[in-house]
Amino acid sequence: MSQSTSAMGNEKIKSSRRKFLKSAATLAGATIGYSWLKSSQVLLFAAEPKDESLPWYGIVIDIEKCIGCGSCAKACKKENDVPIEPFFFRTWIEQYTVKNDGSVNIVSPNGGIDGFEQTVPDEDIFKSFFVPKMCNHCSKSPCIQVCPVGATYDSPEGVVLIDEKYCIGCRYCVQACPYGCRFIHPVKKVANKCTLCYHRLKKNLAPACMEVCPTGARMYGNLRDKESELVKFLKEHTTQVLRPNLNTGAKLYYNALSSEVR
Amino acid sequence: MEPHYQHLYEILANAQGYIFPNEIDLQWGILIVVYPFITGLVAGAFILASLERVFKVKILKPTYQIALLTALSFLLVATMPLISHLSQPQRAYEIMITPHSSSAMAIFGFVYLWYLMVVLLLEIWFDYRHSMVVWSNKKKGVMKWVYKILTLGVSDISPRTVKWDRKLGYIITVIGIPSAFILHGYVGFIFGSIKANPWWSTPLMPIIFLFSAMVSGISLVMLVYMVISHIRKKVIDVNVLDAIGKYLFFVLILDFTLEGLDQIQRIYEAEESFEIIKLLVSGKLYLTLFVSQGLIGTIIPLITLAFLQFYKHQIKVRKTMYFIVSILVLIGVYSMRWNVVIGGQLFSKSFAGFTSFKVGLIGLDGTLMAAFWLILPIGILAFLLWLLPPWKMVEEEE
């Protein structure tokens with residue numbers, strides 16, 4: 001009797017050991033599998049809205065409304081302590097002039113702050129328009145992807161920001177931005193860019209460039225709120241992002257974007 | 001006005017076409033040209049050394065330790081141009097403490113440390129341990145202690161232990177070859193993965209970097225071997241040169257083919273960036289790409305090396321030719337680094353214009369500083385050759 005009990009006991013131990021080994025193997029396999037998947041996410045890079053209660057910001061620029069007055073670029077420099085020298089811009093305006101012969105003339109003297117003068121004679125002009133530029137606050141930002149220390153990051157609202165106390169000034173992000181929106185601040189010696197006036201957004205104030213725009217060519221809003229002005233605009237207009245082939249997940253949408261613009 | 005702004009105004013006045021206003025100033029200057037050049041020399045020199053060891057190319061024996069010490073000398077300096085180009089160099093350590101997992105650059109510190117500590121230092125240590133023990137027994141005074149410390153207290157030189165040294169050294173070399181590939185392929189990836197820049201963004205970039213690294217490292221070792229032999233008043237073994245020259249020839253052909261393939265692909269596909277790149281190579285890069293990299297650094301060495309495969313007379317002529325070829329190839333690879341790093345920043349990402357670049361003489365980002373980082377490893381190499389002379393090593397029977 002005692003023998004059989006002990007034999008059964010052995011059997012039990014064996015089967016429980018087998019179970020343990022099985023579950024341990026499954027666990028180990030799952031862990032390895034998960035970490036492998038996780039590491040492949042290192043290569044696949046994207047920011048996603050996490051906190052449902054927060055807005056997920058997008059921007060619209062209506063090229064048809066821009067008159068090239070330069071108020072936005074000027075206000076931005078004032079608001080954000082950007083050096084006045086014509087080499088540092090968080091936002092600027094480009095003037096495109098497509099000539100009758102098909103050639104394109106692009107200018108942005110002092111970022112458009114002082115306004116524009118058309119140098120191409122009227123009879124040679126096929127069409128001309130202004131394109132305000134600023135950070136596209138991409139959801140798959142190449143600049144965030146490449147930062148070696150994680151000094152640049154997505155805010156929970158999808159705004160691309162920089163931690164000035166953390167940036168090492170390697171300039172890799174400046175290289176990675178396809179839109180030329182980043183620069184090294186000559187005084188702070190760290191990367192600098194448009195923050196969508198995050199400090200103002202937090203107080204429910206519009207970004208400086210949008211506040212001063214006399215024609216309302218720029219707007220921002222919550223992409224998640226289907227009732228927002230921004231989403232309504234996107235619904236009613238055919239908009240396009242810059243360099244869509246690069247798949248940066250840009251959240252700056254242009255209305256009436258001409259194919260000459262890069 | 002600040003001199004820096006003055007400089008920017010001058011560049012602005014010389015800009016051609018349209019460039020984004022933030023693009024006036026080049027972000028990466030001559031130091032970032034020097035950085036991949038140096039790491040390339042490291043990887044190339046190491047791969048040549050590994051050839052001798054792993055593939056048992058006996059003829060290369062006289063260059064084995066030279067190649068390893070050359071690799072070490074340059075590797076010790078490799079991070080310096082990188083750190084000194086940072087705007088916040090005092091924060092450089094952050095890259096090691098809080099690396100950002102999705103950043104190619106963040107891995108640099110680890111790749112570098114792995115290569116330095118695990119591969120190069122260990123391999124050299126296993127190689128030299130036996131000799132260092134013998135030297136510390138022979139020498140007197142400070143040097144006795146220096147060698148003793150370098151042996152890390154492992155003074156056993158019984159045949160069994162020495163055999164283990166050799167075995168472990170061999171294993172490290174085997175690990176080292178892919179490590180050298182990773183080190184430099186990775187440097188290529190830093191550029192090749194930037195999709196915003198069509199001049200950089202190609203999957204071939206890591207491979208091109210790797211082969212040009214091998215080309216430059218092999219040339220450097222050949223040059224160093226000749227110079228050292230000359231200084232030591234020893235005869236330069238032309239058979240060694242022939243063997244290295246043969247490798248150089250084949251790797252150079254591969255390198256040339258890959259770079260040619262890259263360009264042919266660009267021309268044939270002619271994507272949206274094609275026009276601006278065409279203007280770039282036929283204008284601002286003409287001298288450094290076609291003349292310096294193409295003609296001087298590739299075509300002439302290729303023809304000469306091909307000729308040397310058949311021409312086996314006149315030892316003096318051959319030696320002179322190898323000497324010149326190695327210098328030309330180094331000039332060519334340096335130009336290649338220049339064309340990639342500087343060339344990639346000269347055109348605007350609007351594809352509508354060019355900025356210009358004039359390297360200054362002084363300052364942290366100037367020519368003198370770059371020259372210093374290139375000369376310093378040669379000083380280190382001289383010191384290492386004095387400390388660990390390969391020609392005084394204890395001979396071991398195979």
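Four strands of chain A form an open sheet in this predicted model. Reading across, the order is β9-β1-β11-β10, and the pairing is mixed. Two of these strands, β9 (218–222) and β10 (239–240) of chain A, sit at the edges; each has a single partner strand, so one side of each has no neighbour in the sheet. As a bit of background, strands in a sheet pair through backbone hydrogen bonds, running either parallel or antiparallel.

Take β1 of chain A, residues 57–62: five bridges tie it to β9(A), and the two run antiparallel. If you want a spot to look at there, Ile59(A) stands opposite Tyr220(A) in β9(A). Then there's helix α7 of chain A (229–236), which lies across β1, β9, β10 and β11 of chain A and runs at about 110° to β9(A).

Zooming out, chain A has seven helices and eleven strands. Of its 262 residues, 40% are buried. Among contacts in chain A with a separation of 6 or more, 64% are between residues 24 or more positions apart.

Now for the contact between the chains: chain A puts in 40 residues and chain B 37 residues. Several elements of chain A each supply at least two residues to the side that touches chain B:

| Element | Residues |
|---|---|
| β3 (chain A) | 104–107 |
| α3 (chain A) | 142–146 |
| α4 (chain A) | 172–176 |
| β7 (chain A) | 183–184 |

The largest share of that side comes from α4(A), with four residues. By type, the chain A residues touching chain B split into 28 nonpolar, seven polar and five charged.

Conventions: Residues are numbered from 1 along each chain as its sequence is written. Chains are lettered from A and ligands numbered from 1 in the order in which they are written. This is a predicted model: local features need pLDDT of at least 70, side-chain atom pairs count only at pLDDT 80 or more; totals for chains, interfaces and linings use all residues. A residue is buried if 20 or more other C-beta atoms lie within 10 Å of its own, exposed if 12 or fewer, and partly exposed in between; C-beta atoms are placed from the backbone. Two residues are in contact if their C-beta atoms, placed from the backbone, lie within 7 Å. Two strands pair if DSSP finds at least two bridges between them. Axes are lines fitted to C-alpha atoms, for helices over the stretch in contact, and angles run from 0 to 180 degrees between N-to-C directions. Ala, Val, Leu, Ile, Met, Phe, Trp, Tyr, Cys and Pro count as nonpolar, Asp, Glu, Lys and Arg as charged, and the others, Gly among them, as polar.
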